[in-house]
Each structure stands twice: as C-alpha cells, then as structure tokens.
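Please open the structure in your viewer and keep the selection tool at hand.

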Amino acid sequence: MERVAIVTGGSRGIGRAIVEDLARKNIKIIANYNQSEEKARKLKEELEKENISIDIFKADVSKREQVKAMVDYTIKKYGKIDILINNAGIDQEKMFQDITDEDWDKIVKVNLYSVFCTTQEVIKYMLNKKDGCIINISSIYGISGGSCAVAYSATKAGIDGMTKSLAKELGPSNIRVNSIAPGYINTDMNKRYSKEEIEQIKEETPLVKIGKPEDIAKCIEWLVDDNFTTGQVISINGGWEI
Ligand code: NAP
C-alpha cells in the first residue's frame, strides 16, 4: 500500500506546496487545516482534476483532542501513518518588552506544543511497525535569532532541540526525525514586509532571490525517501545564513 502522510497546516503556504508535492508522488495525504477551510477544499478539488485524491481534516494542532481525532481518522481509514510533517505555525512580531504572558503562551502552544503533541499521538503507530519519517518545520530564526521575534525564535529553537533528542531516542526504532529551517519564503506569513524590505532581504541573500514554498517541498520530497539522515537541521535559505 502507498505511504500515508499527515501534513499540518496543509492548505496554504509551505504546507500546501508540501501536500501537492507528496500527493503527486503517490503518497496518501491527510492535509490538516484550522481556519482556511475554503482553501483546503479548493486544494482538494484542484488535485482531483489530476486524479489525485487527498483527505482534508480540520484540527487546531494546539489542542490534543483535535490532534487525536485527526490521527484516529487516519488510522481508521488507512491503518498506518508513515510520514508526519509538523508544518503548522504562527508568527509574532513584537518588541521583547511588549510580549505578554498570553502572547507567549499562544505561540508556544501553536508552534511548539503542537509538535510535541502531534508527534506523541503519531509515533505510537510508527513504533508498532518500526518505521517512520518525521519532519519538523522550524526556522532560520531558531538558529540565528531574530530581532522582535524572541518568542517565535524560542519556539523554533525548541523544535530543533526536540528534533535532535527524538532522533536519538527513536533511531533504534528506525524512525527518522529531522528539521527543515527555512529562510525567507514568499507566503502569507511575510505579507507585512514592504517591497523595499523584501528587496533588501534579497540583496542580503547570496543567491539574490527570495525562497518559494516549492523550494522547501523539494527538500521534503528528498527527505521522505532518504534512509540514513536523522537528527539534522537543514536550513534552506539561499545562503542568507551559512
Ligand atoms: P502561512 O502561510 O502563514 O501558513 C501557516 C499555516 O499554519 C496555515 O496552513 C495555517 O492553517 C497553519 N496553522 C496555524 N495555526 C494553526 C493551528 N493552531 N492548527 C492548525 N494549523 C495551523 O505560513 P508559512 O510561511 O506557510 O509557514 C509554514 C511553516 O513554516 C510555519 O511553521 C512557519 O513558522 C515556518 N517558516 C516560514 C518561513 C517563511 O518565511 N514563510 C520561514 C521560516 C519558517 P489555517 O490557515 O488553516 O489556520
């Protein structure tokens, strides 16, 4: 039977590109969404025109019972989960002094707890068959830090720490765990940047271009077929940070 993958935050941005790429590789996809129901439906319809069928599933990944429902649905329908892509995430641009407890709790819940909780719910089924591939989308800010992005950067560094530790713990069970840490990628998350700011980021990037969601999806496509890579943080950033 084909491999089965859950992609969190799969209806738009980087997650959408990952869903499209893996679905075209004949992998059965459960594309998770939270607020973007319309976009998730459209994506499903578009892929159906290529004779590709995907499942879409609404779940707030910061809530365990909703994650559990998504995992239960997948197991009931397909009997296994081979690949988990923890992609869902939110941004937060604030001066450190202005971050409230509520801001902190929210971003930690959505960006970091979600990875803990989704991975915990999924790996029971990977441990059963001693096989699995988990890819967490962190960020270059988790490596180099970002001004006015302390909480965001902390969650992303936390994801990389979780990736490395889990890779050691799950390696003997043949479950590979890696992070992809993107640099600037052209998605809704970066809408707030002006044309001039984007131009400046481009100029500061050795490859003198802005990343596209497909650039991340290509690396994932390679990683899901790999056999000997685990515990790595792969930063795809056009050379912005070397
Ligand atoms: P985006 O376009 O803003 O998309 C964010 C995705 O996360 C959406 O699909 C959204 O789903 C989902 N999401 C947010 N909160 C959720 C929740 N509570 N439950 C389930 N899904 C949730 O951002 P993006 O650029 O594609 O980002 C994807 C990942 O890459 C994030 O983890 C981000 O931190 C990381 N990243 C992005 C960049 C960049 O430059 N774009 C750089 C480094 C890292 P709904 O719309 O359905 O709610």
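Select Tyr113 to begin: its relative accessible area is 21%, so this residue is partly exposed (buried means under 20%, exposed over 50% and partly exposed in between, with a 1.4 Å probe and protein chains only). This is a predicted model, in which local features need pLDDT of at least 70 and side-chain atom pairs count only at pLDDT 80 or more, while totals for chains, interfaces and linings use all residues. Residues are numbered from 1 along each chain as its sequence is written, and side-chain values use heavy atoms, with hydrogens and water left out.

Tyr113 and Phe116 form a tilted aromatic pair, 5.8 Å centre to centre with 55° between the planes. Rings of Phe, Tyr and Trp (its six-membered ring) pair if their centres lie within 6.5 Å; planes under 30 degrees apart count as stacked, over 60 as edge-to-face and the rest as tilted. Because the two residues are three apart in helix H4, about one helical turn separates Tyr113 from Phe116. Helices (H or I, at least four residues) and strands (E, at least two) are DSSP runs, numbered from the N terminus.

Remain in helix H4, residues 101-129, and select Trp104. Trp104 is partly exposed, with a relative accessible area of 34%.

Now move to Phe57 and Tyr73, a tilted aromatic pair with 5.2 Å between centres and 45° between planes. Phe57 lies in strand E3 (residues 55-58) and Tyr73 in helix H3 (residues 64-78), 16 residues apart. Phe57 counts as buried at 17%, whereas Tyr73 is partly exposed at 29%.
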